[in-house]
Amino acid sequence: MSAPRDLDGLDQTSSWDGVRAVVAGFGVSGFAAADNLNHLGAAVTALDESATGKEEKAELLEVLGATITLGPGATARLPDDVDVVVTSPGWRPDSPLLVQARDRGVPVWGEVELAWRLRHPEHAAPWLAVTGTNGKTTTVQMLDAILRAAGLRSVAAGNVGLPIVEAVMDPTPYDVLAVELSSFQLHYTSSMSAESAVVLNVAEDHLDWYPSMSEYAADKGRVYERVQRACVYNVADPVTEELVRAADVVEGARAVGFTLGMPGVGMLGLVEDILVDRAFIEQRTDSAAELVTVGELASSAPHYVANALAAAALARAHGVSQQAVRDGLRAFRPDGHRIAEVARHDDVTWVDDSKATNPHAALASLRAYDSVVWVAGGLAKGARFEELVAAVRDRLRGVVLLGRDRHVVAEALARHAPDVPVIDVGADETGVTDDEHAPMGRVVEAAAGLAQPGDTVLLAPGCASQDMFTDYGARGDAFAAAVRARTGP
């Protein structure tokens with residue numbers, strides 16, 4: 001068994017001949033990594049415990065010379081001679097394959113680390129990086145819209161949109177990349193140096209993956225390491241500022257806050273209903289640059305406005321004009337299942353925020369409405385709901401619970417909101433059918449019985465969806481279909 005070779009200095013213009021690479025996981029990012037490494041001449045072996053939906057891509061890469069092994073047991077043993085392991089982001093550090101790599105001194109990269117190393121040495125696009133427990137995708141898409149409004153060739157990449165390796169390897173170089181990064185991706189990143197970066201917020205999530213909140217927060221904070229221009233942080237979330245203070249940045253990089261209050265010097269924030277910049281203008285000590293009004297955004301929900309401020313901060317750090325920020329934010333519309341109004345019927349508003357898959361996201365959504373029938377439950381991923389319920393109990397008209405871990409929400413309600421009516425519809429397999437007893441049908445019927453004129457029925461589950469649905473989108477679709485079946489088109 002030979003020692004791993006030194007890979008420092010290799011990029012997309014280098015020869016990777018003779019590099020022995022193992023790709024752990026053959027999903028979207030794994031395929032992108034394997035495909036591009038194979039294209040560069042590396043000897044690629046891709047391993048995955050599941051073959052479902054991957055057979056066609058496996059055949060394609062095998063024709064091109066890669067070795068693909070799929071199915072139970074495929075990842076149990078690391079091949080003998082390996083120079084690098086490129087892991088998919090969901091793989092835990094204690095996975096046997098990754099433990100074997102570390103024991104042998106084989107470097108373990110994520111796809112993001114691979115992408116950073118593969119940048120072209122002469123025309124590499126700068127990265128504007130976004131992470132946080134909630135709001136990442138919306139913020140990155142807002143940022144991409146702003147950059148495009150400025151006439152730049154941009155793309156949303158990473159944890160959303162285009163795999164980051166594909167963006168870096170595009171033969172037509174981008175001007176700038178709007179990069180969404182999860183904590184899992186950041187865990188396996190060691191050399192990235194974003195032009196600017198933001199941690200939107202840090203709240204309890206993924207505690208089934210991380211031993212502690214401090215380790216989860218530390219991985220979020222890795223996005224600030226080696227930042228070149230601006231570390232953007234959330235004034236309302238002190239953890240994000242602490243992560244900036246702890247980061248080792250390029251000399252001259254600035255800390256820039258965003259706030260829903262009046263901004264201090266060096267911040268972006270609100271003056272009445274106007275989003276303003278007091279960080280990237282020369283006269284920031286005594287004036288502010290107007291960007292856009294709250295009324296021009298697709299939503300006035302506080303967390304949506306905060307995302308807009310964060311996106312604007314990254315764009316302004318890159319040198320984008322006030323006009324481009326205004327145009328991009330005015331035109332932007334969020335993806336489905338994010339505070340999406342489904343219907344209004346009998347003076348009750350029905351809202352799908354199925355993307356609220358943890359308590360922090362659900363809390364932000366609940367705070368956008370005054371009187372709510374809350375639809376909650378699913379896979380809690382180790383999270384608790386005590387603080388959430390204590391914060392919103394006065395807003396709750398009632399609660400409808402579904403999903404495997406609904407008891408976790410129920411226990412918090414019993415402790416902190418014992419007078420709020422709760423209806424439990426169960427956790428059996430679902431889908432929208434003509435059967436009125438299907439869970440989402442029961443959810444909607446129960447919620448309609450609790451709601452009063454002026455209320456909002458809000459699907460903001462605070463939990464993941466895979467106990468009953470394919471993903472949060474399928475859950476939101478089921479809710480919307482059940483609502484429309486009851487209220488009419």
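How many nonpolar, polar and charged residues are in the lining of the second largest cavity? In this predicted model, the lining has four nonpolar, four polar and two charged residues. The cavity itself has a volume of about 30 Å³. Its lining is made by Gly 377, Gly 378, Leu 402, Gly 403, Ala 464, Ser 465, Asp 467, Met 468, Phe 469 and Arg 475.

Two cavities of 30 Å³ or more were counted. The largest cavity holds about 50 Å³ of space. Lining the largest cavity are Thr 87, Pro 89, Gly 110, Glu 111, Val 112, Phe 184, Gln 185 and Tyr 188. Two or more of the lining residues come from α4 (111-117), and two or more from α7 (183-187). By class, four residues in the lining of the largest cavity are nonpolar, three are polar and one is charged.

Pockets were also examined. The second largest pocket contains about 430 Å³ of space. Its lining comprises 16 residues. Nearest the centre of this pocket lie Gly 27, Val 28, Ser 29, Pro 89 and Asn 159. Six residues of the pocket lining are nonpolar, eight are polar and two are charged. The second largest pocket lies between domain 1 (20-106) and domain 2 (122-331), because both domains give residues to its lining.

Methods: Residues are numbered from 1 along each chain as its sequence is written. This is a predicted model: local features need pLDDT of at least 70, side-chain atom pairs count only at pLDDT 80 or more; totals for chains, interfaces and linings use all residues. Side-chain values use heavy atoms; hydrogens and water are left out. On a 1 Å grid over the protein atoms alone, a cavity is a set of points where a 1.4 Å probe fits but cannot get out, and a pocket is an open set with protein on both sides within 12 Å along at least five of seven lines; lining residues have an atom within 4 Å of a point. Grid points are joined across faces, edges and corners, and a volume is the space filled by probe spheres set on the points. Ala, Val, Leu, Ile, Met, Phe, Trp, Tyr, Cys and Pro count as nonpolar, Asp, Glu, Lys and Arg as charged, and the others, Gly among them, as polar. Domain bounds come from an automatic or database domain assignment. Helices (H or I, at least four residues) and strands (E, at least two) are DSSP runs, numbered from the N terminus.
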